[in-house]
Amino acid sequence: EREGRNADGFRLAMGALGHNQALEAERQARLSLEAQLHSMASRAAYAEDLQRRQAEELRLMTRCYAEAEVNAEERLRSEVQRQQEIVAAGHQRAMDYLRWKCEERVKEAKQAEADARGTADQERAGASAHREQSDTLEQALGPWRAIKAAHLACLPELGHFLHTAGPHLLAQSLPRQAAVPVLALEWPPHTDLHADLEWRAVDDRGFFGLLSKLCAGELRPELLELTACCVEGRWLGALHGD
């Protein structure tokens, strides 16, 4: 009876630990998503501020070119009057020259306006792409959130192992001992588990004997050692001696 209570307490403790790990993983995922959303919002705000400044610069440039055109026209009138007083021949030549200068400045102003509009369109396209990327990430996170909402601690643990802990383990010197989630293991092809109802399957070292010890709490899962290897991302394992 005491061993049963110890086993129940151990299972409850393991369940609480797995639940805490799942909550911590969910918190980390939420913080990461909030950071991404904050970064995209900052980029969108920067794009809007840049567009506003470009519009203001465009307005100032238009005003400056308008004032320059007015000044040029005033100079043109003065020059015409002066040329008329001096010589009629020089009047047409100076007038043509000033007209050409005005046209060049108008062309430059239009070109600058077109460049500013192109830059603003690129910034708007970038902001739209960021929004689409955010929507795509939100959709991709849907299945993972559904799995986490099921409160199955083994699934987040399995995902953490396959994504982080497993590659980190393979990068170290092998062989070595490490904790591996049981859901990550596969039996090698043509492996005989000896689960038939025969004597060697029900003794202390047999399949049902090990299962009985695990259920009774006589054998803790973390103390059960398996020899495992990773082949093309698949973890293959077997009990020692099999």
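Which side chain does D49 meet in a salt bridge at 3.2 Å, N to O? The partner is R53, where a salt bridge means a side-chain nitrogen of Lys or Arg within 4 Å of a carboxyl oxygen of Asp or Glu.

Colleagues, a word on the basis of this talk. The model is predicted, so local features need pLDDT of at least 70 and side-chain atom pairs count only at pLDDT 80 or more, while totals for chains, interfaces and linings use all residues. Residues are numbered from 1 along each chain as its sequence is written, and side-chain values use heavy atoms, with hydrogens and water left out.

Let us stay with D49. Its side chain also meets that of R52 in a salt bridge of 2.6 Å, N to O.

As for accessibility, R52 is exposed at 53% relative accessible area, whereas D49 is partly exposed at 30%. Buried means under 20%, exposed over 50%, and partly exposed in between, with a 1.4 Å probe and protein chains only.

Helix α1, residues 2-86, also holds Q54, which is buried at 15% relative accessibility. Beyond its neighbours within four places in sequence, Q54 is in contact, meaning heavy atoms within 4.5 Å, with A116, T119 and A120.

In helix α2, residues 88-149, R124 and D121 are 3 residues apart, and their side chains form a salt bridge of 2.0 Å, N to O. The whole structure has 9 salt bridges.

Definitions and conventions. Helix = DSSP H or I, 4+ residues; strand = E, 2+ residues; numbered from the N terminus.
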